Amino acid sequence: SRLKTMGYEDAFFASLMVRSKEVAHKVADRIFQYDGIRGQPYDDLACPEWLVEPYISVVNTENYEAPRWLEVSDLPPLSCGSRRLSDTHVEAVLTALSWSSLEQSHSLVTAIRENIDAEVRDAFCCRLFRLWLEEQAPPADCWAMAAMGLLGGEHSARLLEPELRNWKYASEKTQVELGLQCLHRIGTPLALELLGNLSNKLSKRSLRVRASEFLRVSRSEKA
């Protein structure tokens, strides 16, 4: 728990991934438990002003439905100071992520990015990504990876890069391209370093070229 609160969980997990994906998931899940450090949740509507309107815009939508393949209790809390978003809030965040793209995010996703600390968001995205991988990475739910580009940071980048190298089948090309775009959106020096590595190490030439293109765009944006 202490390691988690200091933000070391996903760095630890990413280092384990180098050795064994299966071992990484088992060890990390055993060591890092979220019970007891989740904080007091906000009431669904008695919550910060920045959250109210975007939250209502999700739950009042006719096709609102929280993703069925994961449990909110399996995710780290979206903490805001000494409080956290309620489970209902988090379900709405997951739904908003599923409605978003890297080009256009839902207002609730934007509100989370602007008001929740980066380390908290990063831990949330990493765990969401791992849960998606445990479901065999269904293409219909690639938004769980796109969340890393929208809300994640350096731990997300570290976790994502080895997966992109391991996806080698033609059916996984779209997922790799999305992952490369996530690294581009994360945009930290480490994310761009990993993007550069992938431009040399991906198995398919077309994907190496794509990684190089994202890297070139990232560098020009920062120039």
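User: Why is glutamate 213 called partly exposed?

Analyst: In this predicted model, glutamate 213 has a relative accessible area of 29%.

User: What makes glutamate 213 and arginine 210 a salt bridge?

Analyst: Their side chains meet at 2.9 Å, N to O. The limit is 4 Å between a side-chain nitrogen of Lys or Arg and a carboxyl oxygen of Asp or Glu, so the pair qualifies.

User: Where do glutamate 213 and arginine 210 lie?

Analyst: Both are in helix H12, residues 205–222. They are three residues apart, about one turn of the helix.

User: How do you know whether arginine 210 is buried or partly exposed?

Analyst: Its relative accessibility is 30%. Buried requires under 20%, and exposed over 50%, so arginine 210 counts as partly exposed.

User: How many salt bridges does the structure hold?

Analyst: There are four. Among them is the one between arginine 84 and aspartate 87, with an N to O distance of 3.6 Å.

User: Why is arginine 84 called buried?

Analyst: The relative accessibility of arginine 84 is 11%, and buried means under 20%, so the term applies. Aspartate 87, at 37%, is partly exposed.

User: What makes glutamate 134 and arginine 127 a salt bridge?

Analyst: The closest N and O atoms of glutamate 134 and arginine 127 are 3.9 Å apart. That is within 4 Å, so the pair counts. Arginine 127 is buried at 9% relative accessibility, whereas glutamate 134 is partly exposed at 36%.

Notes
Residues are numbered from 1 along each chain as its sequence is written. This is a predicted model: local features need pLDDT of at least 70, side-chain atom pairs count only at pLDDT 80 or more; totals for chains, interfaces and linings use all residues. Side-chain values use heavy atoms; hydrogens and water are left out. Buried means under 20% relative accessible area, exposed over 50%, partly exposed in between (1.4 Å probe, protein chains only). Helices (H or I, at least four residues) and strands (E, at least two) are DSSP runs, numbered from the N terminus.
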